[in-house]
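Subject: Structure handover

Hi,

Here is the structure I promised to pass on. Could you look it over when you have a moment? My notes follow below it.

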Amino acid sequence: MLLVTGGAGFIGSNFVLDWLAATGEAVVNLDKLTYAGNPGNLASLADDPRHIFVHGDIGDAARVTALLREYRPRAIVNLAAESHVDRSIHGPAAFIETNIVGTFTLLDTVRAWWSALPAGEQQAFRFLHVSTDEVYGSLAPEAAGFAETTPYAPNSPYSASKAASDHLVRAYHHTYGLPTLTTNCSNNYGPLQFPEKLIPLMIVNTLAGKPLPVYGDGLNVRDWLYVGDHCEAIRTVLAGGVPGATYNIGGNAEMTNIDVVRAVCAAVGQCRPGPDYAAQITYVKDRPGHDRRYAIDSTKIRDELGWSPRETFATGIERTVRWYVDHPQWLADVTSGEYRQWVARHYAT
Ligand code: NAD
Ligand code: DAU
């Protein structure tokens, strides 16, 4: 079986659902259930014996050791993290704790357990660490996309903490021979994403008739990847990736933020014909240290492992908006309590 960490979050829950549908192999899902973790994302698995949910922290060595001994996973997919750049600017400590110290503890605990396995199991084992393109910093307008050889230049507390975790993963392979894989992915969007990130926030606010807050001049560029494509890429790397290697994953869909927001307004208009939703767009103060452009060169994963994204931005955004429109209860549940406090604090002028 597989041990997935952070499997109640956005990508993690999509990954668990995708994994079970695609492979049928059982999953132990270790998640701390921070504000971003939502067991409701996995409600459809409530009676499925192939999904074992464990409420816990990757930084809890005793807990992780017990899970490894009990379930003897053949691989770990590490998705547990603090993931929101704006929150890392307001409060970086949690990012250091989970993304750096937590990943270190997980790695070291796994190494101790793995090193006592029989040789065949040791060789077959994989530790797949899910990371981000933000570790590479910001690109000039005409520069080539990030390749696996691009030097690291993280600019936010979030990306610095992810970069540190990537370096630890690299070191555990180089020094101890742990069979690691690292994936560096661009911006994901799709069902089950907590509406603090750009696309779900814009969908939620469009539907609620609220302002659509675009940072700065709205011309920052991101490379958007539909989450289902990311899940397939992780499965592909787990199956065929070379231990110690890193793989960049992108959507071939570079867009400015303002174009993304206009596309969201248009897609909502298709589902819910009504007012000119784009009239809700409001420019607000910029994010401190805001990276201007990210873009991924996915040549390596395409040529070596045969993966490329299936969705275009046009098809992915349509599916995504449709999902949010069709799941008002999910939205109502996640946009209460802590979420409201965050929005009030962060978007206060
Ligand atoms: P998310 O914030 O939606 O979910 C993170 C999950 O990790 C939550 O369920 C949370 O409860 C859990 N978690 C947090 N701290 C934990 C801890 N100490 N122990 C166990 N569980 C813990 O994040 P996401 O968007 O799903 O991102 C998942 C991973 O993918 C992260 O590593 C992130 O850096 C990376 N990533 C995200 C994107 C993106 O666009 N969302 C793109 C590239 C890479
Ligand atoms: O590139 C991969 C990264 O993508 C992941 O590693 C992160 O976990 C994920 O959160 C995401 O980071 P970004 O900072 O790019 O995503 P976010 O959705 O927060 O913002 C996307 C862009 O939209 C960014 O340029 C900031 C802008 N933005 C965001 C919000 C929340 C706005 O203009 N207004 C907003 O209200």
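Please keep in mind that this is a predicted model, in which local features need pLDDT of at least 70 and side-chain atom pairs count only at pLDDT 80 or more, while totals for chains, interfaces and linings use all residues. Residues are numbered from 1 along each chain as its sequence is written, chains are lettered from A and ligands numbered from 1 in the order in which they are written, and side-chain values use heavy atoms, with hydrogens and water left out.

Let me start with the sheet. Helices (H or I, at least four residues) and strands (E, at least two) are DSSP runs, numbered from the N terminus. Seven strands make up an open sheet with parallel pairing, in the order S3-S2-S1-S4-S5-S6-S10. At its edges are S3 (51-55) and S10 (246-249), each of which pairs on one side only. From one strand to the next the twist averages 20 degrees; angles run from 0 to 180 degrees between N-to-C directions, and axes are lines fitted to C-alpha atoms, for helices over the stretch in contact. Two strands count as paired if DSSP finds at least two bridges between them.

S1 (residues 2-5) and S4 (residues 75-78) run parallel and are joined by four bridges, with Leu2 partnered by Ala75 in S4. S5 and S6 also run parallel, through six bridges, and here Phe127 has Thr180 of S6 as its bridge partner.

How much of S6 is buried? Six of its six residues are, where buried means under 20% relative accessible area, exposed over 50%, and partly exposed in between (1.4 Å probe, protein chains only). On one side these are Thr180, Thr182 and Asn184, and on the other Leu181, Thr183 and Cys185. In a regular strand the side chains alternate between the two faces of the sheet.

Next, the helices. H1 (residues 10-23) packs against H8 at about 65 degrees, with the axes 9 Å apart. Among the residues that meet are Phe10, Phe15 and Trp19 from H1, and Val227, Ile234 and Leu238 from H8; contact means heavy atoms within 4.5 Å. By class, this contact has nine nonpolar, three polar and three charged residues (Ala, Val, Leu, Ile, Met, Phe, Trp, Tyr, Cys and Pro count as nonpolar, Asp, Glu, Lys and Arg as charged, and the others, Gly among them, as polar).

Finally, the salt bridges. The count comes to 17, a salt bridge being a side-chain nitrogen of Lys or Arg within 4 Å of a carboxyl oxygen of Asp or Glu.

- Glu232 and Arg310 have their closest N and O atoms 2.6 Å apart. This pair links distant parts of the chain, 78 residues apart: Glu232 is in H8 (residues 227-240), Arg310 in the loop between H10 (299-305) and H11 (313-326). Glu232 is buried at 17% relative accessible area, whereas Arg310 is exposed at 64%.
- Asp108 and Arg111 meet at 3.3 Å, N to O. Both lie in H4 (residues 93-114), three residues apart, about one turn of the helix. Asp108 is partly exposed at 25%, and Arg111 is partly exposed at 21%.
- Glu196 and Lys197 meet at 3.9 Å, N to O. Glu196 is buried, at 4% relative accessibility. A network of salt bridges links Arg87, Glu196, Lys197 and Glu338.

Best wishes
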